[in-house]
Amino acid sequence: MNVGIIGGSISGLYAAIAIKTKYPDYTVYVIEQNDRLLKKIYATGNGHCNLLNADLKAERYSHSKWIESYLKRFPYQRLTDYLTKLGIPLLRKGDLVYPLSYSAGSFCRYLIELANKLGIKAYVNEKVIDYGKGTIKTDKGSHHYDLLIFAFGGQSQSNLGSDGSLFPVLKKHGYDIVPLRPGLVPIKTKQKTKGLKGVRHEALVKAYDNHNQLLFEEAGEVLFKEDGLSGIVIFNLSSHLVRAGGDQFRITLDLFPDHTEDDLFALAYSNPTPGAYLYTLVEYPLGIYVRNQLKNLSDIRGFCKALKNLSFDFDSFYSFVSSQVTIGGVSLSDVTSELVSKKEESVYFIGECLDVDGDCGGYNLSWCLISALTVSEAL
Ligand SMILES: Cc1cc2nc3c(=O)[nH]c(=O)nc-3n(C[C@H](O)[C@H](O)[C@H](O)COP(=O)(O)OP(=O)(O)OC[C@H]3O[C@@H](n4cnc5c(N)ncnc54)[C@H](O)[C@@H]3O)c2cc1C
């Protein structure tokens, strides 16, 4: 039995390892267009690789109803047991779970070694251009398959591999491809934030639609960019706004969620120079920015109000080049609950190429493992 896997990143390797372990006699191979396996994974979690989240909630994913049954079938404990048995001990920081080494590089090297040892073949520097009737066609030649697993990711950060080039091919084969959008990206705002570039501040972030309906609320560190907002909480916000649809959103930052406006006002006046004191509560450029929102520059009450409710109008999302995940992909209505194609025999889909995406915090890599295990168990 020949199992061909298109994409030699995390979903592909997880599936290859699980299948080869279960069926040592099978020929299992991955085809990867990059010059090495797992290229994107070295960059994950700021080089630490946030592999799992200990609190795998369906609402942290798009299509939360659809994903519920997978999260029930593969609860956190099952995933950690599996990885630990595979020789990947884990480190938990709150709900975020990393390899014990806290190093994406060590994790990747181990996974590649393991795949090698199991006898999984890897064809790198080879781009798949089409498939059918048991043959994968590449820019270098062809490979025979009995089972075909698509694990080619989305379209985010194509410098790391996934360029979305197989979606048109799948469309030609009759698949419904849900339009691709960048997810987990910085947001450009209408307000000019040039002077704030590089400033970081913890905030409670809220977003409203043009009917003033609250769409999102989450606390976290905001990183100001020269033309907008970034940071994990903003990445999560971006995906929620894409899913909400539309392009008129108001984003508010409460820079002091643990203080009321009156607390800040009292704090300011407990000091001989209330105005100057308020500046010291935030980084200097942020203080200037907040002050510039005021009609009357010496309005202490107004300053406190603005610290609690700094408002930005959404302009646009950054592009795929800056996005961590792709929203859209192969429609979930084209696969069974075992992730088998409903259109073609012996064809499976795993990982990010499916129309599933999660928030920051290990949800996307968790899905890669869950989907790979789903397919290996189905065989
Ligand atoms: C900077 C960054 C940091 C991230 N950090 C985290 C994190 O800490 N935790 C988390 O959960 N998620 C994180 N993510 C998201 C996560 O990395 C992805 O969701 C995950 O890598 C998807 O895995 P995949 O194997 O499905 O696809 P990918 O990792 O995108 O891999 C697909 C592979 O298929 C190959 N390929 C594509 N087309 C072809 C073709 N035609 N022929 C041959 N090969 C092809 C690509 O080259 C690529 O190597 C991060 C993403 C980025 C960009």
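## Domain interface

Domain 1 and domain 2 bury about 720 Å² between them, with 50% of that area on carbon and sulfur atoms. Buried area here is the accessible area (1.4 Å probe) that two parts lose on being put together, summed over both. Ile327, Asp359 and Cys360 supply 56% of what domain 1 buries against domain 2, more than any other three residues.

This is a predicted model: local features need pLDDT of at least 70, side-chain atom pairs count only at pLDDT 80 or more, and totals for chains, interfaces and linings use all residues. Residues are numbered from 1 along each chain as its sequence is written, and side-chain values use heavy atoms, leaving out hydrogens and water.

## Domain layout

Domain 1 covers 2–181 + 326–378, and domain 2 covers 187–317; the bounds come from an automatic or database domain assignment. Their centres, taken over C-alpha atoms, are 37 Å apart. Eight residues from domain 1 and nine residues from domain 2 make the contact (heavy atoms within 4.5 Å).

## Salt bridges

Two salt bridges are counted between domain 1 and domain 2 (a side-chain nitrogen of Lys or Arg within 4 Å of a carboxyl oxygen of Asp or Glu). Glu218 forms a salt bridge with Arg60; the closest N and O atoms are 3.3 Å apart.

## Ligand site

The ligand is surrounded by 34 residues (a heavy atom within 4 Å). The closest are Ser9, Ser11, Glu32, Glu352 and Leu365. Taken alone, the ligand exposes 1000 Å², and the protein buries 96% of that (Shrake-Rupley method, 1.4 Å probe).
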